[in-house]
Amino acid sequence: MGKKLMYGALAVSGLLTMLQPLTGAVVHKMTASVFLLLCVGHMIACRKKLTGAGVALLSLLLLAFASGVPALMQGGMAGAVHGVLGILCLCAMAAHGFARRRALKSTERKQKS
């Protein structure tokens, strides 16, 4: 699987996962599962650049994924915890994407010089 295809699939599955109020619980669970598998694949593909922050991000994602089951069954506080973890994941992944994109652009500029 090419990197651009993987990044596109990550973006689409992540967006569909975030659109849970519009798509419903069934689509949310399926796309979250696909997103988690793609994140693990992305981590394996980029293992040479792996840092502690990457491991922390995947751990946060796994924690949010695991908190989804009690949130679905119980709601209430479990749902609130799942929502907070989901928002933290979103913020962390946005920061990760911004940092990596910035690093790639600076590498491209150095190669052109």
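**Entry 1: fold and model**

Helices here are DSSP runs of H or I with at least four residues, strands are E runs of at least two, and both are numbered from the N terminus. I read the order of elements from the N terminus as α-α-α-α-α.

I note that this is a predicted model, where local features need pLDDT of at least 70, side-chain atom pairs count only at pLDDT 80 or more, and totals for chains, interfaces and linings use all residues. Residues are numbered from 1 along each chain as its sequence is written, and side-chain values use heavy atoms, with hydrogens and water left out.

I checked confidence next. The protein has a mean pLDDT of 83 (the predictor's confidence in each residue, from 0 to 100). I see that 96% of its residues reach 70 or more. Of the elements, α3 has the highest mean pLDDT (87) and α5 the lowest (81).

**Entry 2: overall dimensions and surface**

Along the principal axes, I get a box of roughly 55 × 25 × 20 Å for the C-alpha atoms. The accessible surface is about 8,000 Å² (Shrake-Rupley method, 1.4 Å probe; for residues, only the protein chains shown count as cover). Carbon and sulfur atoms hold 72% of that surface.

I then looked at burial. Of the 113 residues, 23% are buried. Buried means under 20% relative accessible area, exposed means over 50%, and partly exposed lies in between (1.4 Å probe, protein chains only).

I also looked at contacts, meaning heavy atoms within 4.5 Å. Among those between residues at least 6 apart in sequence, 53% join residues at least 24 apart.

**Entry 3: the core**

I searched for nonpolar cores, that is, sets of buried Ala, Val, Leu, Ile, Met, Phe, Trp, Tyr and Cys residues joined through side-chain atoms within 4.5 Å. The largest has 13 residues. Those with the most contacts inside this core are Leu10, Phe35, Cys39, Leu58, Leu61 and Cys89. I find at least two core residues from each of α1 (3–18), α3 (25–45), α4 (52–74) and α5 (76–112). The most come from α3, with 5 residues.

Leaving aside neighbours within four places in sequence, Leu10 touches Phe35, Leu38, Cys39 and His42.

**Entry 4: helix α1**

I compared the span of α1 with expectation. Its 16 residues reach 22 Å from first C-alpha to last, close to the 22 Å expected at 1.5 Å a residue. The expected span is 1.5 Å times one less than the number of residues.

I list Met6, Leu10, Ser13, Gly14 and Thr17 as the buried residues of α1. Down the helix axis they fall within an arc of 105 degrees, so they line one face. I take that arc from the directions between the helix axis and the C-beta atoms. On the other side of α1, I find Lys4, Leu5 and Val12 exposed. The cover over the buried residues of α1 includes α2 (20–23) and α3.

The buried residues in α3 include His28, Thr31, Ala32, Phe35 and Leu36.

Val26 sits in α3. I find Val26 exposed, at 55% relative accessible area.

Leu90 sits in α5. I find Leu90 partly exposed, at 41% relative accessible area.
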